[in-house]
Amino acid sequence: MRAFVQTAIGEYEERDLPAPRAGPGEVVLRVRAALTCGTDLKLLARGHPRISLPVTMGHEACGEIVEVGEGVADFRAGDRVVPAVSGPCGACADCLDGRANLCAAGHADRTWGAFAELLRVPAAVVRSNLHRPPADLPDEIAAFLDPLASVLHGWNRLGTPPPDKLLIYGAGAVGLLWAATARARGIRAIVAGRGTPRLEAAESYGARVVDVAREPATGIAAEAAVDCTGDPRVWELLPSLVRPAGRVLLFGGCAPGAFVTYDAARLHYSEISLAGSFHYAPEEARAAMDALTSGEVDPRPLITGTGGLSDLRRFLEAQARGKGVRYAISILTKSQT
């Protein structure tokens, strides 16, 4: 099969690889659509503490099952499915305490390698986190399940009561999904970011925007703020942009080895809460599929262009330059943008 493989930091290439086979409990998909993601760019630029190289790239996909491994009873060849990245075990302390997103076994064998003609889905994902989209949901929309599920987990981490005003710092795809879900929940959102097309997309989701390339984000006093940049400088900034008793959600992942420093007096005397957010649980993936199916969250404005597998390099290069938000790779159609 044809696939894109990252071989080292900053280096990747298209290769011919052996086609994967379905082991016990596994399935193999023919990839119908895959999405570019900021995580792909971060992995290229700086590596990832949980991903070893070389690795077949990509992790947001919709596909059709072409092979079913021994013991798989709930899926069959021909089923169109969207795999989550992890498959929590359901039996460890984290799973039993409602933290399935942190399940170590669930992350031991992940669904990875969507920028390829075929994709192996691990047995744990097949068992607990493989989802059937409805027939009328387009492939590229269904593939948004992974990032939207992460956003829904972030909302759960914010807790209750829901904020009246939410600051979203970062206008990439994930920040825009935060804006879309804020609109669906009737919450006023402010998106701070760069780039006219991205900020226009934020406005299309009903958010007020601040172009930080022209003016700093000051005086906002939101009830809650979420980082969607993975920039330590933004992590340090956000406590100053929420009101007393405000909540700050550290959603964007920073580079390995990053450290941040906070104003202790601000956190203590204003009772600012800091919370991390990582990944998602199967129930949040199911909620994401429901939101995509109902149209409650419509990610179509985030798709800048579509093309074939051979277009991936120019898509990633464009996204790295801030040109566009997400690109959809369609394995079934000829290249087009």
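The structure is a predicted model, in which local features need pLDDT of at least 70 and side-chain atom pairs count only at pLDDT 80 or more, whereas totals for chains, interfaces and linings use all residues. Residues are numbered from 1 along each chain as its sequence is written, and side-chain values use heavy atoms, with hydrogens and water left out.

Six strands form an open sheet with parallel pairing, in the order β11-β10-β9-β12-β13-β14. At its edges stand β11 (208–211) and β14, and each has a single partner strand, so one side of each is left without a neighbour in the sheet. On average, neighbouring strands of this sheet are turned by 20° against each other, direction ignored. Strands here are DSSP runs of E with at least two residues, and helices are runs of H or I with at least four, both numbered from the N terminus. Two strands count as paired if DSSP finds at least two bridges between them. In general, strands of a sheet pair through backbone hydrogen bonds, either parallel or antiparallel.

The pairing of β13 with β14 may be followed in detail. These strands run parallel and are joined by four bridges; R247 has S273 in β14 as its bridge partner. Strand β13 covers residues 242–250 and contains A245. Phi of A245 is near 70°, a positive value in a residue other than glycine.

Helix α5 lies across β9, β12 (222–227), β13 and β14, and runs at about 145° to β13. Helix α6 (residues 173–184) touches β9, β10 (188–193), β12 and β13, and its direction makes about 165° with that of β9. Contact means heavy atoms within 4.5 Å. Axes are lines fitted to C-alpha atoms, for helices over the stretch in contact, and angles run from 0 to 180 degrees between N-to-C directions.

H279 counts as buried because its relative accessibility is 11%, buried meaning under 20% relative accessible area, exposed over 50% and partly exposed in between (1.4 Å probe, protein chains only).

Two cis peptide bonds complete the picture. One joins L53 and P54, with omega about 0°; P54 is found in the loop between α1 (38–46) and β4 (55–56). The other runs from T160 to P161, with omega near -5°, and P161 lies in the loop between α5 (145–158) and β9 (165–169).
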